[in-house]
Amino acid sequence: MTEQIAPSAPGTPAPAPSPLPDAPPPVAPDPSGKDRRVLRAVMRWTAAVAVFAAVGSAAAYGITRMDRSDVPGLATASDGRWAYPVLTAAPLPTGSPGPFAEGNTAGAHYADLRALLLPAPEGATADRGLRGTDGWLKTETFLAEYEEESERDELRHKVVDAGLRHIAARGWTTPDGTHTRIYLLQFGTAAVVDDLHTMQLAPYDGPGYAVRGTETVEPDEDFPEAAESDDVLTSVYAESEPYGGEQVREAYLGAGDVLAVVLQSRAGGADDVPFQQTVALQTRLLL
């Protein structure tokens, strides 16, 4: 923007003109030979500094115009997120509302439950044991995730009595050894899922049933709110140190008539970023 200069106030006398010199300025004496050598040296250094300044400015401008990955030593390290394929919402039968649409008081998912499962990320090896028959998993396969036989029997009775309709599942192992399992259990109404989630499987202070291989499991206080949804009941837990051969992370999601269970385990510790990413994406697919 062009700077505006304020006009002089009325009545302010104009500045007096600079007086003309009475005599020509004195002429500098002709430098001696030694003085000329010093002068040339100063001029050479001044020119060199100007060149370096110009080159430095150009280099700095070039770096600011490049991506960090283009500059050796400045490439941004991966934060641990996995590369998932592009996700699309499962198609609804014509005229069917979404699970959280006004008027869908049962919170019913009319889309195929198998289409609501998060796909495996790039480079992962599929867990064939979770494919089931035509994509439907036996209840016993899901219950095998839990440690104690007595608890498995108790949980079996609870989900059957609550009207369990289907279980769809998917699992995979990534190159770093992280094993992920996702189970979607569909019931008759959202009210049933709310009770199972809040009162049975996922109380605030810890999971209602111990997953196989876990010791002390506590609420994951570092799980970001941005990864959750207001429409989905979300409870997340992490096995605290010292854990055994591997650490387990757990998430229980109540989304309408679907109860989702997300489990991740890894020897030496299950990283939090892939777990948060997986839970967030599975949540979005259930909306």
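Guide: Let us start with the sheet. Seven strands make an open sheet, ordered β1-β2-β3-β7-β6-β5-β4, and the pairing is antiparallel. β1 (125-126) and β4 (217-219) stand at the edges with a single partner strand each, so one side of each has no neighbour in the sheet. Strands here are DSSP runs of E with at least two residues, helices are runs of H or I with at least four, and both are numbered from the N terminus. Two strands count as paired if DSSP finds at least two bridges between them. Strands of a sheet pair through backbone hydrogen bonds, either parallel or antiparallel.

A word on the source. This is a predicted model, in which local features need pLDDT of at least 70 and side-chain atom pairs count only at pLDDT 80 or more, while totals for chains, interfaces and linings use all residues. Residues are numbered from 1 along each chain as its sequence is written, and side-chain values use heavy atoms, with hydrogens and water left out.

Now the pairs. β1 and β2 run antiparallel and are joined by two bridges. Alanine 126 stands opposite tryptophan 172 in β2. β2 and β3 also run antiparallel, with eight bridges between them. There, histidine 166 faces glutamine 186 in β3. The hairpin of β2 and β3 has five residues between the strands, and glycine 177 takes a positive phi near 95 degrees in it. β5 and β6 pair in the antiparallel sense over six bridges. Leucine 233 has glycine 254 in β6 as its bridge partner.

Step back to the chain. Its secondary structure comes to five helices and seven strands. From the N terminus on, the order is α-β-α-α-β-β-α-β-β-β-β-α. Of the 287 residues in the chain, 34% are buried. Buried means under 20% relative accessible area, exposed over 50%, and partly exposed in between, with a 1.4 Å probe and protein chains only.

Next, the cores. A nonpolar core is a set of buried Ala, Val, Leu, Ile, Met, Phe, Trp, Tyr and Cys residues joined through side-chain atoms within 4.5 Å. The largest has 27 residues, and Leu116, Ile182, Leu184, Val279 and Leu286 touch the most other members. β2 (166-173), β3 (179-186), β6 (246-255), β7 (258-267) and α5 (272-285) each supply at least two residues of this core. α5 gives the most, with four residues. Another core, of 26 residues, lies apart from it and includes Leu137, Val211, Val261 and Leu263.

Look at two residues. Leucine 116 is in contact (heavy atoms within 4.5 Å) with Ala90, His109, Ala111, Leu184, Gln282, Leu285 and Leu286, leaving aside neighbours within four places in sequence. Glutamine 276 lies in helix α5. Glutamine 276 is buried, with a relative accessible area of 16%. Not counting residues up to four places away in sequence, glutamine 276 touches Asp222, Phe223, Pro224 and Ala227.

Last, the contacts across the chain. Among those with a separation of 6 or more, 63% are between residues 24 or more positions apart.
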